[in-house]
Amino acid sequence: MNQAADHASPLAPEWLAVPGDLNELQEPLWAAGVEKNASGEVTVDGLSVSELKEQFGTPLFVMSESDFRSRARAFKHAFDAAFADICGGVDVYYAGKSFLCTAVASWVAEEGLRLDTCSGGELAVAARAGIDGSNLGLHGNNKSDAEINRALDMSLGRIVVDSLDELERVAKIASSRGEVAKVMLRLTPGVHAHTHEFIATAHEDQKFGLSMAEDSTEEAGLSAAEEAVAAATSYASVELLGLHCHIGSQIFEPDGFAVAAEKLLGFLAAMQAKYSIVMPELDLGGGYGIAYTPVDTPRPPAEIAEAMAAVVRSTCAELNITPPRISIEPGRAIVGSTTFTLYEVGTLKTVRVDAPAGDEGQENVTYPRRYVSVDGGMSDNARPVLYDADYSAILASRDSDAAPQLSRVVGKHCESGDIVVRDVYLPADVAAGDLLAVPGTGAYCWALSSNYNYLARPGVVAVRDGAARLIVRGETEEDLLNRDMGVANV
Ligand code: LLP
């Protein structure tokens, strides 16, 4: 095969290598059960992408149910095992914001996980799926009274309170109902993790959480976090379960989690002593990274769990406190890699691009970049536009012997920034009608999807034991016009 590294384009980012074999599914981007069949087609549990396209059309989110379940179980088992001697195990709350529908909510419950929600809408999905309120948490920096009431209606296991204001509102609402709200306090420990490193600062300049900085309130010496603890213990309508933090997303190294755990445990111990209370729970949030491209190196859940457990164990011993029950909230690391998006290729064009700056002696040289347009785009995956996120792609409907060509997979929206995969080597003979698969689209893609340009949002299909079923149907043109009140109303 003609796929030597001399096909490398100077336009490609440094991290992007020319794959040894363009037809090969690169680890660890794909769900277990995704393979290539004898005719070179991508299959999920034996179902080929052409069969899926035939039955459901494109674009389409294709999720492996068994992979979802096994990733959910892997987190639960790994953290339970690592923390068994510390606090008898860990409560794993799947972060529904990453991707949620009733089927997924029910898998989560069946696998022994709980569910983290962050809006009344997500609570509605949980209710529709029949999830018991005691297994639900509610987040949000601006919960409405209606959402707080709904949480109380459903007897939620925990409301994660984000501010002093909200604490007062939750206490008032619960009191007016003659109930006691179960509350965690979300703190901002000043630890920010960015994939391969973390930074620790004293102050938090962001909308979420209660600051732990001592000058964060007008009352000198008392942090907003401490004020909240003091207030929470004074309200008869509030049961203070404990503390919570979430330090970021797409994090690979466990160090940031460890520093945050240390900081929160120190605070928890100090508050327990000062206010003569016991806070039995500590939630260390989500944020575990996944592979979007071959250079991403996620850690197995067991490795993260053990690193975190070691810190919790030693810190609690140093502080001489009974370890609180630990919980975590992974979203992306459970659902992200379970899913790929299937697109059909349409228009192709190649442009010549100037040599990158600094390419000495090549000032007058240009290089080809091929634009491969697909039938979706930023409406089904906003992450490249929003976060400069990188993805990968493979020709999914056939094998090819053609040479690798640096390509940019773009959508069909009226925006030049409508990029699905910024840089990827695809076979030079990719043509209209071919199918492309983009892996790693399970988290924050469907969840962030829009109807920009009146595109219908794609459906989500779950494959299990060789059978596919729609878990969310794709929108129709009728759906698109459903809320349009019509000319007569103007
Ligand atoms: N817990 C809390 C309080 C959170 O805010 C989040 C994510 C999670 C858990 C789950 O984090 P995960 O394990 O999925 O990283 N749209 C962005 C990510 C936003 C994350 C928001 N919070 C993205 O697509 O990268």
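The accessible surface of the protein chain comes to about 20,500 Å² (Shrake-Rupley method, 1.4 Å probe), and carbon and sulfur atoms hold 48% of that area. The model is predicted: local features need pLDDT of at least 70 and side-chain atom pairs count only at pLDDT 80 or more, while totals for chains, interfaces and linings use all residues. Residues are numbered from 1 along each chain as its sequence is written, and side-chain values use heavy atoms, with hydrogens and water left out.

**Overall fold**
- The C-alpha trace spans about 70 × 60 × 45 Å along its principal axes.
- The protein chain contains 12 helices and 23 strands (DSSP runs: H or I, at least four residues; E, at least two; numbered from the N terminus).

**Packing**
- Of the 490 residues, 54% are buried (under 20% relative accessible area, 1.4 Å probe, protein chains only).
- Among contacts (heavy atoms within 4.5 Å) with a separation of 6 or more, 70% join residues 24 or more positions apart.

**Helix 7**
- In helix 7 (residues 224-234), the buried residues include Ala 224, Glu 226 and Val 229.
- The cover over the buried residues of helix 7 includes helix 6 (164-176), strand 13 (238-244) and helix 8 (255-275).

Notes. Buried means under 20% relative accessible area, exposed over 50%, partly exposed in between (1.4 Å probe, protein chains only).
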